[in-house]
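Subject: Structure handover and notes

Dear colleague,

I am passing on the structure that you will be working with, and I would ask you to keep it open beside this email while you read.

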Amino acid sequence: MTQLTLNVTDESLIPMLRKLFRAMEGVEIAPRRRRKSGIELAYEDVEAGRVTKWNSPDEMFNTLMAK
């Protein structure tokens, strides 16, 4: 399978292009996947409890050096 990526700057053309590609046999349109930003990933870590809190930098370094 060969994959082709199109960058379309004028979003008003997208419906026409979708219609055109759907009419072609053997052409499949993959869904758009939006990448999450770093801050969105960080908020997910906080919500999931994947964060550690220390009272001071010394406590953090002592904990990390003990491992």
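The notes below cover the salt bridges, then a pocket, and then a surface patch.

Please keep in mind that this is a predicted model, in which local features need pLDDT of at least 70 and side-chain atom pairs count only at pLDDT 80 or more, while totals for chains, interfaces and linings use all residues. Residues are numbered from 1 along each chain as its sequence is written, and side-chain values use heavy atoms, with hydrogens and water left out.

Salt bridges

Side chains of opposite charge can pair when their charged atoms come close. Counting a salt bridge as a side-chain nitrogen of Lys or Arg within 4 Å of a carboxyl oxygen of Asp or Glu, a search of the whole structure finds 3. In one of them, Arg-34 pairs with Glu-40, and the closest N and O atoms are 3.0 Å apart. For exposure, buried means under 20% relative accessible area, exposed means over 50%, and partly exposed lies in between (1.4 Å probe, protein chains only). On that scale Arg-34 is exposed at 64%, whereas Glu-40 is partly exposed at 28%. Lys-36 and Glu-44 also meet in a salt bridge, at 2.3 Å from N to O; Lys-36 is partly exposed at 46%, and Glu-44 is partly exposed at 29%. Asp-45 and Arg-50 form a salt bridge as well, with 2.7 Å between the closest N and O atoms, where Asp-45 is partly exposed at 29% and Arg-50 is exposed at 55%.

The largest pocket

A pocket here is an open set of points on a 1 Å grid over the protein atoms alone, where a 1.4 Å probe fits, with protein on both sides within 12 Å along at least five of seven lines; its lining residues have an atom within 4 Å of a point. The largest pocket has a volume of about 1100 Å³. It is lined by 21 residues, of which Leu-4, Thr-5, Leu-6, Ile-29 and Ala-30 lie nearest its centre. By class, 11 of the lining residues are nonpolar, 5 are polar and 5 are charged.

A nonpolar patch

Trp-54, Phe-61, Leu-64 and Met-65 make a nonpolar surface patch of about 440 Å², where patch residues have over 30% relative accessible area and no salt bridge, and nonpolar side chains are joined within 5 Å. Met-65 belongs to helix α3, residues 57–66, and is exposed, with a relative accessible area of 69%.

With best wishes

Methods:
Patch = residues over 30% accessible without salt bridge, like charges linked within 9 Å, V, L, I, M, F, W, Y side chains within 5 Å. Areas by Shrake-Rupley, 256 points an atom, 1.4 Å probe, with all protein chains shown as cover. Helix = DSSP H or I, 4+ residues; strand = E, 2+ residues; numbered from the N terminus. Points joined across faces, edges and corners; volume = space filled by probe spheres on them. Nonpolar A, V, L, I, M, F, W, Y, C, P; charged D, E, K, R; others polar.
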